[in-house]
Amino acid sequence: MNIRILRWVIVGLLVLGGVAFITVGANSPADPSLKAADGAVSLKRTPFGDFKEIGFRIEGGSAQATAARCALLAETAAQQARGLMERKDLAGFDGMLFKFSSDYTGEFYMKDTPLPLSIAFFDASGQFVSTVDMAPCIHMPSCPTYGAARPYRWALEVPQGALPRLAIGPGTRLVAGGPCP
């Protein structure tokens, strides 16, 4: 008799757990992504701040990397100073692209930026310059700075570890401009 009750309790708990799993799972993830037929990930993008969107692609890497991508564009001094401060994610964008009007040698820092980032630098013709990983620096009086190997015109910040997925490295070229895909 006790075994029969125990079985019913276990079955009841399994059914209740299954219903809870389905109910919670139906509400997640909050920002789902689906793979398109070509294998590219399609995310819902949510603009923030006064950043515009810009389309870009990387040439000279793998075929997957040449897919059209979308970044937030930081082109004013105020936007560049703000960057991804206080952001925990990129809201569905592939990265943040910093555009400078002339060759630039300034360094980047991660003040109040909780998201670990990698940055790739490109010259005026879009040719790869260098990359560096950047560590978060939250509520610190001073933060380390990160620079390029030589002057650059473009800098692309992406979540740390995403540069290989974008096939960014020596011999690659950034092509930026136009609308996002």
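**View 1. Thr172 in the loop between β10 and β11 of a predicted model.** Thr172 lies in the loop that links β10 to β11. Thr172 counts as buried, because its relative accessibility is 3% and the cut-off for buried is under 20%. Which residues does Thr172 touch, leaving out those up to four places away in sequence? They are Ile58, Glu59, Gly60, Gly61, Phe122, Gly126, Gln127, Phe128 and Ala167. Two of these contacts, Phe122 and Phe128, belong to strands β7 and β8. Gly126, another contact, sits in the turn of the β7–β8 hairpin.

**View 2. Ala167, a contact of Thr172.** Ala167 is placed in the loop between β10 and β11. Its phi is near 55°. That is a positive value in a residue other than glycine. Ala167 has a relative accessible area of 17% and is therefore buried.

**View 3. Pro170, an exposed residue in the β10–β11 loop.** Strand β10 covers residues 152–159 and strand β11 covers 173–176. Pro170 is found in the loop between them. Is Pro170 buried or exposed? Pro170 counts as exposed, because its relative accessibility is 73% and exposed means over 50%. Pro170 and Gln127 are 43 residues apart along the chain. Their C-alpha atoms are separated by 8.5 Å.

**View 4. The hairpin of β7 and β8.** Strand β7 spans residues 117–122, and strand β8 spans residues 128–134. The two strands run antiparallel. How many bridges join β7 to β8? There are 6 bridges. The hairpin has 5 residues between its strands. In the turn, Gly126 has a positive phi of about 90°.

View 5. Phi of Asp112 is near 55°, a positive value in a residue other than glycine. Asp112 is buried, because its relative accessible area is 14%.

**View 6. Gly178 in the segment after β11.** Gly178 is found in the segment that follows β11. Gly178 is partly exposed, because its relative accessible area is 45%. Leaving aside neighbours within four places in sequence, Gly178 is in contact with Ile54 and Gly55. Gly178 and Cys70 are 108 residues apart along the chain. The C-alpha atoms of Gly178 and Cys70 are separated by 9.7 Å.

Terms used:
Residues numbered from 1 in each chain as written. Predicted model: local features only at pLDDT ≥ 70, side-chain atom pairs only at ≥ 80, totals over all residues. Heavy atoms only, no water. Pairing = 2+ DSSP bridges. Helix = DSSP H or I, 4+ residues; strand = E, 2+ residues; numbered from the N terminus. Buried < 20%, exposed > 50% of the residue type's maximum accessible area, 1.4 Å probe, protein only. Contact = heavy atoms within 4.5 Å.
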